[in-house]
Amino acid sequence: MGGVRGAAAGPAALGQREVYMSGRAPRWVTWLRDRDPDLAATRRAGRTALVMPALFALCSEVFHNPTMASFAAFGTFSMLLLVDYSGPMVERLRAQAALAVAWLALICVGTVAAAEIWLAVAATVVVGFVVLFSGVVSSVLAGSSTALLLAFVLPVSAPVALSQLPDRLAGAGLAAAVALPAVALMWPRPVADPLSAPAAAVCRAAAGYLRTRATVPDPDGSVPFAEQCRAAAELTSRTGADLRGAFDATPYRPTGLSATSRALVRLVDELTWLCAVLVDRSDYTDEPPGCDPAAHGVRGAAAHALEAACDLLGDLTGDTGPLRARAGELRAALTGMEHSSTVRVPAAHPGGNSTAENYGFIAALDVSFRAQELGFAVLQIADNVDMAATAWQRSWPERLLGRDPGALAAPLASARERAAAHLRADSVWLHNSLRGGVGLGIAVFLAGATGVGHSFWVLLGTLSVLRSNALSTGQNAARAVLGTVAGSVVGAGLLHLIGHHGTALWFVLPVAILCAGIAPAAISFAAGQAAFTVTLVVLFNIGHDPNWHVALLRVQDIALGCAVSIVVAVFFWPRGAQAAVHKALAQAYDDSARYLGGAVDYALGHRHPADPDPQSREAAASARRLDDAFRSFLAERGAKPLSLACMTALVSGVVGLRLAADAVVSLWQGEDLARVQAVRADAHSAVLGSAALVTGWYHGLAASLGDHSPVPDVVPLHPEGAARLVASVRTELSDGQGRATPVAVRIIWTDDHIDAARRLQPGLADAAKSRAAPRNGRLWRRFAG
């Protein structure tokens, strides 16, 4: 019989599988997947819809403890619906446990502070600011901010005697105890890293391009070879854009305080720069420079290192030995190329003094410089991938003791550095944190002063809107009120239909929770607010005679909360992220240009080796502030008068400028004698002059971005500086046999790094001039949601 039933069921089951495999899924499944691609919202909502009613029923019907029931319900809502941690299961459970501990602590603080209105207001401002601002150090904390604020808002909005604190803690503790196994066992989220896969794709594409270029010595080669190179370059650029898009697509930087996460996030800038280096080309001469066999050897070694990095990114538990071996081979190839490059510089042949001959002299090292530049970039990438894998493979005791591999700072030091970077008046994150803390404090004061029956709803309205950025606060406030009105009407209608049959609310509650979890992602913010309002209306009426009048009264409370959020937003940030991103761009270009100038001063013996470090940290901090402002800009709803392509180009330009300075410092690190020799040569004056012109242009660009003044003209090639550099190499920086010394090669390569920063200028100037061009509607709809 079993065989017959199996045979009978087989074709039907096979047919059903074929329907799904052929892509002909039911319409509602297709609709849901289009709006919730990874079913992340559906997963959270489904878990919460099963767990939250069960805990509420247990506490209210079995334990007969309403206080415990309320905190168990909201705790479950917070820990299962408002957060969804990524990474390995161990890290997720650790984050869930930390959230539970924070919930218990915030309940204690909120319960104690609620006793006096002045204490409640002061505590709300402080807690709100700290919770929101702490998100700057980790995407885990940033993603948990709403859940953490709810843990404080719930007790501070309902003053009770301290004797009820144990019941509140028991409810939240029960929610935490159930949330941990629910996350691990009920439709667990797949382990996915938003950066590893696209970073590996960039490594693979760049390795393919380098391997293609290394096969034929001729820079241009035959037509088929040129087409092959062009296709490989386009693939590399496309994968680089995909990586940047994945990085910019989240409202927070996708990084935590773990060593692996911090190392992976640094890859984004380095791979972006590598893509730019691969397609860059000097404009010294019209003719391509001659072949340097050692440079092609460096390209081949770089391709091997990138392939090993790609393999390790695909499996961070793999052996790091091959990547380290390939990186060692690349370092050896770079050292060998530096020695061989000295014989390529015709220092013993005076030649002529024409502009073309001077630039031809410098171009003799152009191929080797390109190889040195990309070799440095690939070594940075390899070191970061190695750090990420080594950190991933640490034992549990090493993780517990915070022993980080390599040169990464300890988590606490990294957290302090990130927080300090945003303690500035122009920080978007600081604005949002102040806005949130003060807004919630004002809401607590108004709720207490006006005697609103359910001050929780006032705080809920404020919190709903303040989660957004400042520019869309008014829009979100309107949506919040509209959603609350709709939810209250629907909730009142349900209560009116149910009448005195309150038991039916138990069947409505899971459906309401499911809709509240899915609606924000699948429909809209207003729909989510409506579904959440229905959930609360049902929750507050279970166990009582349903009262539809109460549902309608909640609208005025929500409206008051939304009004508070609008006033606070206008006060703290009247112009939104557009003005903030311009200021952040200006500051980032100023600091990065200052760092490049300091790096050149250090390279040519004018500064102590430790001098560029503070400038490097300040440039990195400015880049982080820019990243946050740019994310806020992308997340804003409504019209955007700026071109996305231009803004992305300007943001990427900061990366190139800062990493060019890194390359200059790396080129001369540990070469104190060479730096002493360099400062004695007339060549250093020529290089310093070039650096002053280039960095001066970037300071001018920063000024134009900050106050909308005209963009300065790009810096052209300066034959006088090239002539001084060539004359110095020929007379002062050659050995007894008439060959250029390693110091000469490094000076020329330093000048090349400065010139690489100069070649960024035309594209950046065009982007700055066109940043107010009409937007691409389709792109903006995609990025603005």
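**Close-up views of ring contacts and a surface patch**

**View 1. R43 sits over the face of W187.** The distance from R43 to the ring centre of W187 is 5.4 Å. A charge counts as over a ring when NZ of Lys or CZ of Arg is within 6 Å of the ring centre and within 35 degrees of the ring normal. Please keep in mind that this is a predicted model, where local features need pLDDT of at least 70, side-chain atom pairs count only at pLDDT 80 or more, and totals for chains, interfaces and linings use all residues. Residues are numbered from 1 along each chain as its sequence is written, and side-chain values use heavy atoms, leaving out hydrogens and water.

**View 2. F56 and W506 make a tilted pair.** A search of the whole structure turns up 5 aromatic pairs. Here the ring centres of F56 and W506 are 5.8 Å apart and the planes meet at 50°, so the pair is tilted. Rings of Phe, Tyr and Trp (its six-membered ring) pair if their centres lie within 6.5 Å, with planes under 30 degrees apart called stacked, over 60 edge-to-face and the rest tilted. The pair links distant parts of the chain, with F56 in helix α3 (residues 40–62) and W506 in helix α22 (residues 505–522), 450 residues apart. Helices (H or I, at least four residues) and strands (E, at least two) are DSSP runs, numbered from the N terminus. F56 is buried, at 6% relative accessibility; buried means under 20% relative accessible area, exposed over 50%, and partly exposed in between (1.4 Å probe, protein chains only).

**View 3. L58, V62 and F63 form a nonpolar surface patch.** Together they have about 260 Å² of accessible area, computed by the Shrake-Rupley method with a 1.4 Å probe, where for residues only the protein chains shown count as cover. L58 lies in helix α3.

Conventions: Patch = residues over 30% accessible without salt bridge, like charges linked within 9 Å, V, L, I, M, F, W, Y side chains within 5 Å. Salt bridge = Lys/Arg side-chain N within 4 Å of Asp/Glu carboxyl O.
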